[in-house]
Amino acid sequence: MNRGELNDRHGWSDEEARLRRSICEIGKLCYSKNFIVGADGNISARMNDGTILITPAGAMKGFLSPEHLAHVDMQGQPVDDGPRASSETGIHLVSYQERPEMRAVLHCHPPHAVAMTVAGIDMQLPVIPEIIVTIGGIPTTPFATPGTPELPESIRDVIRCSDTLVMQNHGSVTIGANLLDAFKKLDMLEHTARILWLAHTAKGGLEPLPEDAVRKLLETRSMLGVSTTNTLENRCGLRNQV
Ligand SMILES: [Zn+2]
């Protein structure tokens, strides 16, 4: 069956079919990079009509096909008779509510980033120049019980000001203008956590860059044309101000 026939059979628009395929591809990438294992994590994309395509409850996200995805409205209610949406749909709804300009949300369990929260190491510390200039820092949100409304509410204040965060003892949330953008931030988040973890293990602590060096790096943002949300610049929603 070719793509056109598949779209007709399911009643998908070109946009819906494209996003369904992209979510499956990002699921494979997250799985192959060990950002998720088993049935962990969830991935969503918001369509032009404001409805959301999201990975289904209980599925292994590295092995999905386009027809496996759930389709919900901004209240999390199903808009078709397809699979049931992830139990963590609330994380996605809160992210889209607070950041209407964003079109994709990824929730994963990247091991180094989660380990940093378990060990109590703050990734908001300004250490890596590229991260200081782009996402600015990686805030940690307080522990909340997965599968309850506590969890989405625990990220609301921070997701308003940051495209990346880690939930205490749990996992990451990254948001983007599209799925690849959200994946890029997840990749950067886990890579940063890995570097900081290695440095912490080797030295027994982390030394932030001096305030002056951080200020100079932030000043290069306008020169480089970088205007993305930056938590070292906006300094909002954070528990531990640097
Ligand atoms: Zn999770």
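One term before we click: a salt bridge here is a side-chain nitrogen of Lys or Arg within 4 Å of a carboxyl oxygen of Asp or Glu. This is a predicted model, so local features need pLDDT of at least 70 and side-chain atom pairs count only at pLDDT 80 or more, while totals for chains, interfaces and linings use all residues. Residues are numbered from 1 along each chain as its sequence is written, and side-chain values use heavy atoms, with hydrogens and water left out.

**Stop 1**

Select R99 and E101. R99 is buried at a relative accessible area of 4%, while E101 is partly exposed at 45%. For those words, buried means under 20% relative accessible area, exposed over 50%, and partly exposed in between (1.4 Å probe, protein chains only).

**Stop 2**

Now go to helix α8, residues 211–224, and pick R215 and D212. Helices (H or I, at least four residues) and strands (E, at least two) are DSSP runs, numbered from the N terminus. The two residues sit three apart, about one turn of the helix, and their side chains form a salt bridge at 2.3 Å, N to O. R215 is partly exposed at 43%, and so is D212 at 41%.

**Stop 3**

Select K33 and D187, whose side chains meet in a salt bridge at 2.8 Å, N to O. K33 lies in the loop between α2 (14–32) and β1 (42–46), and D187 in helix α7 (residues 179–203), so the pair ties together parts that are 154 residues apart in sequence. K33 is partly exposed at 38%, and D187 is partly exposed at 25%. By the rule above, the salt bridge count comes to 17.

**Stop 2: the zinc ion**

Which residues coordinate the zinc ion? Show H107, H109 and H170: each contributes its NE2, at 2.1 Å. Donors are N, O and S atoms within 2.8 Å of the metal (3.2 Å for Na, K and Ca), and since water is not among the atoms, sites may look incomplete. Along the sequence, the donor residues are spaced H-x1-H-x60-H. H109 lies in the loop between β4 (104–108) and α4 (111–118) and H170 in the loop between β6 (164–167) and β7 (171–176), so this pair links parts 61 residues apart in sequence. H109 is partly exposed at 24%; H170 is buried at 11%.

**Stop 3: strand β6 and its neighbours**

Color β6. T164 and V166 point one way from the strand, L165 and M167 the other way, and all are buried. Two strands pair if DSSP finds at least two bridges between them. On one pairing, β5 (residues 140–141) and β6 are parallel over two bridges, with T140 partnering V166. On another, four bridges join β6 to β7, which run antiparallel, and V166 has S172 as its bridge partner in β7.

Finish on the β6–β7 hairpin: three residues lie between the strands, and N169 takes a positive phi near 60 degrees.
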